[in-house]
Amino acid sequence: MTLNQLRYFQTLAKTEHFRKAADMLYISQPSLSKAIAQLESELGAVLFEKSGRNVRLSEAGKAFLPYVNQALSKLDQGTEVLRNFSGKEERISIGCICPALMTYLAPVIKTYQDTLQRELRCRTEVGMSENLLKDLLAGEHDVVFCTYVDGVKKVRFTKVCEFPFYVVVQKNNAFARQSNIRPEELDHYPVLFTCSSAYSRMIREMLNYYHVHPISAGLSNDEVGLLGMVEAGLGVFITTDYPQVHSENTVLIPLTQNRFTRPVYMAVREGQNLPPSVQGLVDFVLSG
């Protein structure tokens, strides 16, 4: 599941017409049809039904749309915070994992902007840590805020913040009536995991420490898919508290343990000569 697929789904749901949606998205109709088919295949659900020459949302599509709208709205808000720093300086390209965008990076950028005597232009991309680091090494990003990924060479990682863990549960789940959840309560319980191997490894290492062996109930590479699976009663997932993991039909419950947190690292290429504005941001983060 990709961000483009979600935007394609959102646009098609609005127009209910493949050609009109493709025109709005500046892609070909076959490309749109293929993307929607891939999304339906990954979700295991039919999202649209034919209605004459048009299409309309299926019941599954109607259930999925509010989560897509919410997730894309939150991401757009976060990227807009960074894009608003238009000015005379060169652009800074930043990669960031979704949990750190609104809760950490956007406030840092705003505070850094306030210290400058000039305006700053930022471009940010949200994605999984592994993909962001590949883009960093390819020169697509100046700096990345991500999960630590073992074995990545020529990258310097510096921990900049950390967050406590929560468990996202369905509102009518028995866990929703609890004030907290202990790791041991998840033993042999259905747990959903992200497609990020680095983050999933972190969660499994924590559960293994407490001798917890969950049932792996599913995978998704974004919050929309995970929330949808939680609402469907397929399991719970362990995360931190940020806007994209809130919904009307789910609840965040603190995971009570005092040993593990989710760290976020700033990553830059080793030996890289950073432009002044990028170096200024890196130094500002390190000084904080």
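Let us begin with strand E7, residues 166-170, which is joined to E11 by five bridges, the two strands running antiparallel. Two strands count as paired if DSSP finds at least two bridges between them. Strands (E, at least two residues) and helices (H or I, at least four) are DSSP runs, numbered from the N terminus. Within this pairing, Val169 stands opposite Val251 in E11. The model is a predicted one: local features need pLDDT of at least 70, side-chain atom pairs count only at pLDDT 80 or more, and totals for chains, interfaces and linings use all residues. Residues are numbered from 1 along each chain as its sequence is written, and side-chain values use heavy atoms, with hydrogens and water left out.

E7 and E11 belong to an open sheet of five strands in the order E9-E8-E10-E7-E11, and the pairing is mixed. Strand E9 (215-220) and strand E11 (250-254) are the edges, each pairing on one side only. From one strand to the next, the twist averages 35°. Angles here run from 0 to 180 degrees between N-to-C directions, with axes being lines fitted to C-alpha atoms, for helices over the stretch in contact. Helix H8, residues 223-231, lies across E7, strand E8 (190-194), E9, strand E10 (236-239) and E11, at about 50° to E7. Contact means heavy atoms within 4.5 Å.

I turn now to a hairpin. Strand E1 (residues 48-51) and E2 run antiparallel and are joined by four bridges. Glu49 has Arg56 in E2 as its bridge partner. Two residues lie between the strands of this hairpin, and Gly52 takes a positive phi near 65°. Strand E2, residues 54-57, has Val55 and Leu57 on a covered face, with Asn54 and Arg56 on an uncovered one.

Next, the pockets. A pocket is an open set of points on a 1 Å grid over the protein atoms alone, where a 1.4 Å probe fits, with protein on both sides within 12 Å along at least five of seven lines; lining residues have an atom within 4 Å of a point. The largest pocket has a volume of about 780 Å³, a volume being the space filled by probe spheres set on the points. It has 40 lining residues, and Gly127, Met128, Asn221, Asp222 and Glu223 are the closest to its centre. Which helix gives the most to this lining? Helix H1 (residues 3-15) does, with five residues.

The second largest pocket holds about 370 Å³ of space. Its lining comprises 18 residues, and Leu43, Phe64, Gly225, Gly228 and Met229 lie nearest its centre. H8, the helix that lies across the sheet, gives the most to this lining, with five residues.

Thr261 is in the loop between E11 and strand E12 (262-269). Thr261 counts as partly exposed because its relative accessibility is 33%; buried means under 20%, exposed over 50%, and partly exposed in between, with a 1.4 Å probe and protein chains only. Thr261 and Phe163 are 98 residues apart in sequence, yet 5.6 Å apart in space, C-alpha to C-alpha.

Glu16, in the loop between H1 and helix H2 (18-25), has a positive phi of about 55° although it is not a glycine. His188, in the loop between E7 and E8, also has a positive phi, near 55°. Are these residues exposed or partly exposed? Glu16 is partly exposed, at 35% relative accessible area, whereas His188 is exposed, at 56%.
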